[in-house]
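Student: Hi! Could we go through this one together? I'd like to start with the charged pairs.

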Amino acid sequence: MDFHLRVLVGARSPWAPAALGAMAKTGVMLHVVCVENPRGASYTALDEGMAQAWQRVESQCASFNWLHLKRKGYASVLECAAALRRGPKVDHTLCLYGGLFAMAAMLSGVRPYSVYLVGSDVLTLSRLARPLARVAYCRAKHLVANGPALAEAASAQTSRPGVHELLLGVDTERFACQDPPPFPWHLVCARGFLPVYQNEVIVQALAMLPKDEDWRMTFLAGGPGLEAAKEGAPDGVTFLGGVPPGAMPGQLASAHA
């Protein structure tokens with residue numbers, strides 16, 4: 001008998017299309033609700049390359065529905081919850097990201113549901129979101145985190161033992177190392193400009209390097225702290241403000257570190 005899995009996922013997730021493609025290869029019947037929030041902070045550009053990635057995912061799914069949010073903040077939780085209730089009957093619901101998605105799954109009444117947690121779902125929740133998310137995480141059948149540190153933090157926040165660890169994998173064929181020229185020394189950072197990552201500290205440290213050092217630094221991501229980080233940035237620092245997944249391998253391959 002086929003196993004039907006509904007997946008609630010953000011449209012701008014840089015890793016979700018590949019993860020869903022891997023799930024589809026296992027034979028599971030996927031029913032995807034792909035959420036696009038035009039008002040949300042953008043760390044990845046939703047351009048033609050990413051649209052093509054989602055088209056490939058759609059061709060592998062039993063059903064695929066876009067959800068273009070019309071509301072902001074916590075009101076959007078109700079939109080996501082309604083979309084889950086409208087969907088086909090499934091055996092399980094998976095939220096790829098916690099936070100608002102986990103709250104939507106809880107409020108929708110769909111059961112069982114599980115949640116995959118990344119850093120922002122555990123480390124950067126607001127004071128208002130934290131207790132709501134804690135309830136949603138505790139009611140999930142399975143809680144899975146991107147690595148041991150996040151699993152430990154999620155377990156501490158929820159007082160729930162048995163948070164599973166599952167690191168996001170890296171496609172070593174796409175992200176193959178190259179041999180860049182020895183100079184200038186090129187550093188690349190793919191982290192978003194969020195307080196938890198403190199990218200501005202890197203910028204401040206670069207400004208203290210001797211003027212005769214031959215280097216350059218590229219920040220790939222965007223985020224709410226981007227404009228502030230640009231202030232006082234030395235020559236040699238480039239801010240791209242978000243790049244599509246298709247451009248990531250080339251950017252990372254050009255780096256020494």
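Tutor: Happy to! E227 counts as exposed, because its relative accessibility is 52%; exposed means over 50% relative accessible area, buried under 20%, and partly exposed in between, with a 1.4 Å probe and protein chains only. Before we go on, this is a predicted model, where local features need pLDDT of at least 70, side-chain atom pairs count only at pLDDT 80 or more, and totals for chains, interfaces and linings use all residues. Residues are numbered from 1 along each chain as its sequence is written, and side-chain values use heavy atoms, with hydrogens and water left out.

Student: Which residue does E227 form a salt bridge with?

Tutor: With K230; the closest N and O atoms are 3.4 Å apart. A salt bridge here is a side-chain nitrogen of Lys or Arg within 4 Å of a carboxyl oxygen of Asp or Glu. K230 is partly exposed, as its relative accessible area is 34%.

Student: And how are E227 and K230 placed in helix 9?

Tutor: They are three residues apart in helix 9 (residues 226–230), so about one helical turn separates them. Helices are DSSP runs of H or I with at least four residues, strands are runs of E with at least two, and both are numbered from the N terminus.

Student: How many salt bridges does the count come to?

Tutor: Two. R12 also forms a salt bridge with E36, with 2.9 Å between the closest N and O atoms. R12 sits in the loop between strand 1 and helix 1 while E36 is in strand 2, so the pair ties together parts 24 residues apart in sequence.

Student: Is E36 buried or exposed?

Tutor: Buried, because its relative accessibility is 8%. R12 is partly exposed, since its relative accessible area is 27%.

Student: New topic: which residues are buried in helix 2?

Tutor: M50, A53, W54 and V57.

Student: Last one: where is L128?

Tutor: In the loop between helix 5 (119–123) and helix 6 (129–139). L128 counts as exposed because its relative accessibility is 53%.
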